[in-house]
Amino acid sequence: MTTAIPGPPVGKEPVQHEPDPQPTPDMHGPFGRVVDVRKDAPTSASSAWVTWLLFMVPLCIAEFRDLPELEIARVSARAADLIASHGDDAQYGGHHQRSARTAIAKGLAVLARADGGVTALGIHACLRPHAGCPGISPALSSPSKHEERDV
């Protein structure tokens, strides 16, 4: 016995199913989104500081990703204590410079968890997409003839 599978009706196109549009992710990924906002900030840290924060804050975000809230609170309190005690070492050098700078990066990583993230010291860090995020760039347009000559 042979079974025939009917095809589309004569004169009609087969229905093409469009894939559903991808939903907007609710997270930026394991490292969050950390961007340089010095051009938009009235004040910011030195170029070396910003570069270091652009490297270190995403690592701290990834480190804290799976920690429970109680542990995040402990990290936050420890960072705040270190910054309060040795914040001048972070800027001007001293025995506690490394730990103070790391505490600042950890503090920014904790603050990135808040709605809208954090913008400080010339960087913006966030974990989730939000309105007004400086890390979201508009679609790039092709350069005009005038801009091409300036290159």
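Modeller: Here is a walk through the elements, the sheet, the helices and the cysteines.

Biologist: What kind of model is it, and what goes into the numbers?

Modeller: The model is predicted: local features need pLDDT of at least 70, side-chain atom pairs count only at pLDDT 80 or more, and totals for chains, interfaces and linings use all residues. Residues are numbered from 1 along each chain as its sequence is written, and side-chain values use heavy atoms, with hydrogens and water left out.

Biologist: OK, how many helices and strands does the protein have?

Modeller: The protein has 4 helices and 3 strands. Starting at the N terminus, the order is β-α-α-α-β-β-α. Those are DSSP runs numbered from the N terminus, with helices being H or I of at least four residues and strands being E of at least two.

Biologist: And what's the strand order in the sheet?

Modeller: The sheet is open, ordered β1-β3-β2, and its pairing is antiparallel. At the edges sit β1 (33–36) and β2 (118–120), each pairing on one side only. Strands count as paired if DSSP finds at least two bridges between them.

Biologist: How many bridges between β1 and β3?

Modeller: There are 4 bridges between β1 and β3 (residues 123–126), in the antiparallel sense. Asp-36 has Ile-123 of β3 as its bridge partner, while Arg-33 is partnered by Cys-126 of β3.

Biologist: How many bridges hold for β2 and β3?

Modeller: β2 and β3 pair over 3 bridges, also antiparallel. Ala-120 is opposite Ile-123 of β3. The hairpin of these two strands has 2 residues between them, and Leu-121 there takes a positive phi near 55°.

Biologist: Switching to helices. Where does α1 lie?

Modeller: α1 (residues 47–64) lies across β1 and β3, at about 175° to β1. Angles run from 0 to 180 degrees between N-to-C directions, and axes are lines fitted to C-alpha atoms, for helices over the stretch in contact. Contact here means heavy atoms within 4.5 Å.

Biologist: Where does α1 bend?

Modeller: α1 bends by about 25° at Leu-53. The bend at a residue is the angle between axes fitted to the seven residues ending there and the seven starting there. From first C-alpha to last, the 18 residues of α1 reach 26 Å, close to the 26 Å expected at 1.5 Å a residue. That expected span is 1.5 Å times one less than the number of residues.

Biologist: What covers the buried residues of α1?

Modeller: The cover includes β1, α2 (69–92), α3 (97–111) and β3. Among the buried residues of α1 are Trp-49, Leu-53, Met-56, Cys-60 and Phe-64.

Biologist: And α2, where does that one bend?

Modeller: α2 bends by about 75° at His-86. The 24 residues of α2 reach 33 Å from first C-alpha to last, close to the 34 Å expected. Its buried residues are Ile-72, Val-75, Ala-79, Leu-82, Asp-89 and Ala-90, and they pack against α1 and α3. Gly-93 follows α2 with a positive phi near 95°.

Biologist: Now the cysteines. How many disulfides does the count come to?

Modeller: The count comes to 0 disulfides, taking a disulfide as a pair of cysteine sulfur atoms within 2.5 Å. Cys-126 is in none, and the nearest cysteine sulfur, that of Cys-133, is 3.7 Å away.

Biologist: Is Cys-133 buried or exposed?

Modeller: Cys-133 is buried, at 6% relative accessibility. Cys-126 is buried too, with a relative accessible area of 1%.

Biologist: What about Pro-42, where is that?

Modeller: Pro-42 is in the loop between β1 and α1. Pro-42 counts as exposed, at 85% relative accessibility.

Biologist: Last one: what share of the protein's residues is buried?

Modeller: Buried residues make up 26% of the 151. As for contacts between residues at least 6 apart in sequence, 62% join residues at least 24 apart.

Technical notes. Buried < 20%, exposed > 50% of the residue type's maximum accessible area, 1.4 Å probe, protein only.
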